[in-house]
Amino acid sequence: THFGYKTVEADKKAEMVADVFHSVASKYDLMNDLMSFGVHRYWKRFTIECAAARPGMKVLDLAGGTGDLTRKFSQLVGEKGEVVLADINDSMLKVGRAKLQDQGVVGNVNYVQANAEALPFPDNHFDIITIAFGLRNVTDKARALASMQRVLKPGGKLLVLEFSKPLNPMMKKAYDFYSFQVIPRMGSMVAGDAESYQYLSESIRMHPDQETLKQMMLDAGFDQADYVNMTNGVVALHRGYKF
Ligand code: SAM
């Protein structure tokens, strides 16, 4: 928008997100395992299965961070395929690239510093785009979804893995307690940074629920937008196609 105050708000959010991920980059993988009791591995495995990447495909792992999805895609698309790990944050990219190279993931992976809102790729380029636990950090989500739609090939698929709204009220209570009482404390103990983890919990609460995100994907031009809940809706995997 053109209104000054909104632009300032948007800048502030982008700056804060940058600070958070610079700060958590080195402890990111450890914290993911601790905070989710390892369950994020299952959520990601399911995402990989739904993506159904095949040899030769071009995959964009957007907001790819430390590269959990990229590693799997790199194996699946083979030497004729290509995986682009794109992230706005150079600290996360550095940690991700070092980790993947250590693990021998080389050859078909490229690293690109990019903002999801303005992707620096040609139209109709990727067979698959994933964005895992990334969309909630993006300031202008509609713009980001439109940008993903543009760079996706006709026939291609977008998968958005993100925290969502728990279905069961008891689960919601337990989850709120966990995110606002336990996670910032864990962040302070393990990563020496309560504030960043407080932000992460808040960003989860602010994120659009399942039906809203589904509609946003339709509005951005995706076809057959749909989602499946995991862990009682704590996380949802959204899927949309470009026809
Ligand atoms: N996808 C990885 C995973 O699932 O483990 C990393 C998720 S991490 C919670 C969120 C990532 O989104 C961070 O690496 C952050 O730098 C990135 N990010 C935040 N805003 C972004 C933007 N506007 N464009 C691209 N990446 C962004």
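Predicted model: local features only at pLDDT ≥ 70, side-chain atom pairs only at ≥ 80, totals over all residues.

Student: Why is Lys 99 called buried?

Tutor: The relative accessible area of Lys 99 is 16%. Buried means under 20%, so Lys 99, at 16%, counts as buried. Lys 99 lies in helix H5, residues 90-102.

Student: What makes the pair Lys 99 and Asp 68 a polar contact?

Tutor: The side chains of Lys 99 and Asp 68 are joined at 3.1 Å. The cut-off for N or O atoms is within 3.5 Å, with one able to donate a hydrogen and the other to accept it. The value of 3.1 Å therefore meets the distance limit. Beyond residues up to four places away in sequence, Lys 99 touches Asp 29, Thr 66, Asp 68 and Arg 71.

Student: Where are Ala 52 and Phe 133 found, and what is the phi of each?

Tutor: Ala 52 is in the loop between helix H3 (39-51) and strand S1 (58-62), with phi near 50°. Phe 133 is in the loop between S4 and H6, with phi near 55°. Both values are positive in a residue other than glycine. Most residues other than glycine have a negative phi.

Student: How do you know that S4 and S5 pair?

Tutor: Strands S4 (residues 126-132) and S5 are joined over six bridges, in the parallel sense. Pairing needs at least two bridges, so six is enough. From S4 the chain crosses through helix H6 (residues 141-151) to S5, in a right-handed β-α-β crossover. S5 also pairs with strand S7 (residues 235-241), in the antiparallel sense over seven bridges. In S7, Tyr 241 is the bridge partner of Lys 157.

Student: What puts the buried residues of H9 on the same side?

Tutor: In helix H9 (residues 210-219), Gln 210, Leu 213 and Met 217 are buried. They cover an arc of only 70° around the axis, so they lie on the same side of H9. The buried residues of H9 pack against H6, S5, strand S6 (223-230) and S7.

Conventions: Residues numbered from 1 in each chain as written. Heavy atoms only, no water. Helix = DSSP H or I, 4+ residues; strand = E, 2+ residues; numbered from the N terminus. Right-handed = clockwise from strand over helix to strand, strands pointing away. Buried < 20%, exposed > 50% of the residue type's maximum accessible area, 1.4 Å probe, protein only. Contact = heavy atoms within 4.5 Å. Arc of directions from axis to C-beta.
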